[in-house]
Amino acid sequence: MTSSAIDPSTTEDGKTARRSRVSGMDRALQVLDYLYETGTPAGAYAIAKAIAAPLSTVYVIIDDLVEKNMLTRQSDGSLWLGSRLYHYGLAYARSLDFISLATHEMHDLCRQVGETVQICGRDGDHMLVLAMADGPSHFQVASRVGTRVPLNWTASGRLLVGHLPETERLELFRRCARQSPTGRAEVDPQVLSAAAGEAFNERLSIQVAESDYAVACIAAPICDSAGHCVATISIVLPEQKVLADEDRYADQVRISAARIEKKMGWRER
């Protein structure tokens, strides 16, 4: 892949303009980012159109990425992320003390409450599921590791921005709030900003059937030494269980979040 270059050219008035040329590396990252952000396989034409690149260029980059197992070509010709990226992700995860500690606590909480538990983080305007422990019941949770949903759909999404100044929260929710499949997720930026700030201060956020029918989530923030919410730990369960025993689940998830912070050395802030 070629390195990026900036070529001088002369305008009509004799002044020198600077014209940037997208490098092969940048194009490859655009292809990977597009697939990651859309979360579904796509054809070369759709990718080229989405990233505004010449189709011939995209074909060359795709062939190179497929050869290196960075992409995989499916039976219908569409492209998806390759196995090499998975191995990179595993190696990166192993290097993070936080993920290791949080995952251990996640499994402990799962055993204690007998429900599905997730560790979630922020990815721009979305909440991202970083890790997950399935509960022993037959209750199925649609969101799996790697799932990205708008911040306003989830309890965790609000906590992840709750530490931000109110003006930043308002601007963020004006930009990213979306209607959820159930139609029950709040979309008003003022209401969302206030709810996010209150949930963060209470160290607890609860949502019921806002993103998925009959599914509830109880989340607590995991805050670093500066007091910023870097992730959340949440219990995902049938909504009737929350209505029947909210306090129990709320206490357990708060304790787990505090335990992660303590082990990371963040509780002394």
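## A nonpolar patch

L55 is found in helix α3, residues 55–67 (helices are DSSP runs of H or I with at least four residues, numbered from the N terminus). This is a predicted model, where local features need pLDDT of at least 70, side-chain atom pairs count only at pLDDT 80 or more, and totals for chains, interfaces and linings use all residues. Residues are numbered from 1 along each chain as its sequence is written, and side-chain values use heavy atoms, with hydrogens and water left out.

L55 counts as partly exposed because its relative accessibility is 32% (between 20% for buried and 50% for exposed, 1.4 Å probe, protein chains only). Together with Y45 and Y59, L55 forms a nonpolar surface patch with about 330 Å² of accessible area (residues over 30% relative accessible area with no salt bridge, nonpolar side chains joined within 5 Å). A salt bridge here would be a Lys or Arg side-chain nitrogen within 4 Å of an Asp or Glu carboxyl oxygen.

## The largest pocket

The largest pocket has a volume of about 950 Å³ (the space filled by probe spheres set on the grid points). A pocket is an open set of points on a 1 Å grid where a 1.4 Å probe fits, with protein on both sides within 12 Å along at least five of seven lines; lining residues have an atom within 4 Å of a point.

Its lining has 28 residues, with Y36, G89, L128, V145 and G146 nearest the centre. Helix α4 gives the largest share of that lining, 8 residues.

## The second largest pocket

This one comes in at about 230 Å³. Of its 17 lining residues, S143, T154, Q207, S211 and D212 are the closest to the centre.

How values were computed
Helix = DSSP H or I, 4+ residues; strand = E, 2+ residues; numbered from the N terminus. Patch = residues over 30% accessible without salt bridge, like charges linked within 9 Å, V, L, I, M, F, W, Y side chains within 5 Å. Areas by Shrake-Rupley, 256 points an atom, 1.4 Å probe, with all protein chains shown as cover.
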